[in-house]
Amino acid sequence: MMDYHSDMIAEDVVGEMIRRVTGMAMLYGVQKTVTNWEFPEQQEAMPFTLFPSLMPAEVFTRTRRVHIMFQTLIYRVANDHEFMKKCLKDVLPVDDFTQEFWNIYNTVREEGPAQEITLTLSRDDFMMEPKADGSKGQDVKQVEFNTFASGAGGVIGAMRDVHRYSLNVAGFPLKEDQLPENCPSKGLAKGLVKAWQLYGNDRAVVLFVVGIPEPNSPDQRWLERHMFESEPRARVIYRTFDQLIQASKLGENKELLVDDYEVAVVYYRYGYSPKHYPTRKEYDLRLKMERSRAIKCPSMASHLAGCKKIQQVLAEPRVLERFISDPVTVAEIRSVFVGLYRLNQDGSSSAVIEKALANPDQFVMKPQREGGGNNHFGAELKSFLEKIKNTQELSSWILMDRIRVVEHRNRLIRVGLGPECRDVCSELGIFGVHLSTPGEELENFECGWLLRTKPVEANEGGLFSGFSCLDSPFFVDV
Ligand code: ADP
Ligand code: MG
């Protein structure tokens, strides 16, 4: 197999390469929007790695397979009211935000939902570990499973072209199958179009619920573009919570009406953070949309099934077996789990709390939140855990083993990091589409990946909230 290394490139040509590759990244559409009220859609390049990262292809085959199993698992969880209730029992009394979501879910459940079909566009995030037994190859371990507003499936689709170009400029040879095509937004768009078709009204639209200003807007535009290319009749409208509070209502048969449009599918790219709900009106809006006949992407049940608390309970002994009877599938799913621990005040967590206080670098502490920047690591984990270990709030958090990442080398083109070749690690997200009724899975497929790479010393790997850069895998034998 051909091989190369980012260290192999001479320092005096790096500046020129960055200029050329950044220009090409803009041209290919690897862009984000910079906040600017005067010109609302000013773009700049997203942070990216100068070269693709060397990876074993097998890791991708395996995680893509696991992701499809996981989509079925999460679907079954979301349809198991008693299980969800039990999982979240200790969380809800001390976590108002999750409680609000639960209330919306439960209200609609008791009323009887107006729409049976649910669409989930998910992203399953993994990190690679050296094999525990020291042998060649890599293990994959799950970081989290996202069911809500899973982003970057659009912009990542252009990275392969950018990296083919950067390798070419540097004179590194490649075989085409080492840098494979990857276009998650095509698959995600297919899911949205399929849901729109099932709604059964050609004049109804797909509502993208967004924030404005929104750095991610080019990523959303990629999805819209692929929808447009495959089914131009499935028209898209973009609305913020504020606009929807003003201009949405339910029709006679619970149709979701926004201005003059009937909505077939509500696709949430906003609404995952308490900051998005400054007043009661935002929760009321969410309830209104949940009650409607529109197909939600995702439904509140599927949103809640993506909670970290659920992930933690699924990793407990004999829990997977409640949902999956095939032992091979159970074993394959379980193989991607690291240790996940519940935090309770009843004494059952004392041992793991002791351990985390003594070795905070071996753990991550997580609340029921999304969007990055909410977790605790290292010394900060220790002081935070000390502070809340005797409070009720403790049970709204989970502890997780810190994944011992595989380190490699690359150059990160990101403001504030500098382009020198450095030790980095990667996080691999697998995108998928799941369309279902409570009784039947209508679609379950995966549709490509997001590879993000950050300095090894950085804790969080968000593209906007952390230090990550868009990357591509360059497949090599291990
Ligand atoms: P969020 O929902 O906010 O994205 P995540 O669970 O994805 O929360 O955590 C955010 C980031 O923190 C991840 O992208 C990853 O870089 C890092 N991280 C999370 N869990 C672990 C872990 N167990 N080991 C190492 N890093 C982790
Ligand atoms: Mg995450």
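This is a predicted model: local features need pLDDT of at least 70, side-chain atom pairs count only at pLDDT 80 or more; totals for chains, interfaces and linings use all residues.
1. A residue is called buried when its relative accessible area is under 20%, exposed when over 50%, and partly exposed in between (1.4 Å probe, protein chains only). Helices (H or I, at least four residues) and strands (E, at least two) are DSSP runs, numbered from the N terminus.

2. Residues are numbered from 1 along each chain as its sequence is written, chains are lettered from A and ligands numbered from 1 in the order in which they are written, and side-chain values use heavy atoms, with hydrogens and water left out.

3. Strands of a sheet pair through backbone hydrogen bonds, either parallel or antiparallel. Two strands are taken to pair if DSSP finds at least two bridges between them. Strand E22 pairs with strand E4 (residues 53-56) in the parallel sense, over four bridges. Within this pairing, Leu54 has Phe474 of E22 as its bridge partner.

4. Strands E14 (residues 363-366) and E16 (residues 398-401) are joined by four bridges in the antiparallel sense, and Val364 stands opposite Met400 in E16.

5. Axes are lines fitted to C-alpha atoms, for helices over the stretch in contact, and angles run from 0 to 180 degrees between N-to-C directions. Contact means heavy atoms within 4.5 Å.

6. The crossing of H14 and H15 is left-handed, a term used if the near helix is turned anticlockwise from the far one by less than a right angle, with right-handed used if clockwise. Ile353, Ala356 and Leu357 of H14 meet Leu381, Lys382, Leu385 and Glu386 of H15. These residues divide into five nonpolar, no polar and two charged, where Ala, Val, Leu, Ile, Met, Phe, Trp, Tyr, Cys and Pro count as nonpolar, Asp, Glu, Lys and Arg as charged, and the others, Gly among them, as polar.

7. The axes of helix H1 (residues 11-28) and helix H5 (residues 159-170) come within 9 Å and cross at roughly 155 degrees. The two helices are therefore roughly antiparallel, and their crossing is right-handed. On the H1 side, the contact includes Met17, Arg20 and Val21, and on the H5 side it includes Asp161, Val162 and Tyr165. By class, the contact comprises nine nonpolar, one polar and two charged residues.

8. Helix H4 (residues 96-111) and helix H9 (residues 280-291) pack at about 30 degrees, with their axes 10 Å apart. H4 is therefore roughly parallel to H9. Among the residues in contact are Phe97, Glu100 and Phe101 of H4, and Arg280, Tyr283 and Arg286 of H9. The contact has six nonpolar, one polar and six charged residues.

9. Glu332 belongs to helix H13 (residues 327-334). Glu332 is buried, at a relative accessible area of 17%. Residues up to four places away in sequence aside, Glu332 touches Arg62, Arg65, Val66 and Met69.

10. The loop between strand E6 (138-146) and H5 holds Ala152. Ala152 is buried, at 5% relative accessibility, and its contacts beyond four places in sequence are with Asp219, Arg269, Phe431, Leu450 and Leu463. Ala149, found in the loop between E6 and H5, has a positive phi of about 50 degrees although it is not a glycine.

11. Two cis peptide bonds may be noted. One joins Ile212 and Pro213, with omega about 0 degrees; another joins Cys297 and Pro298, with omega about 0 degrees.

Conventions:
Angles under 35 degrees count as roughly parallel, over 145 as roughly antiparallel, 65 to 115 as roughly perpendicular and the rest as oblique.
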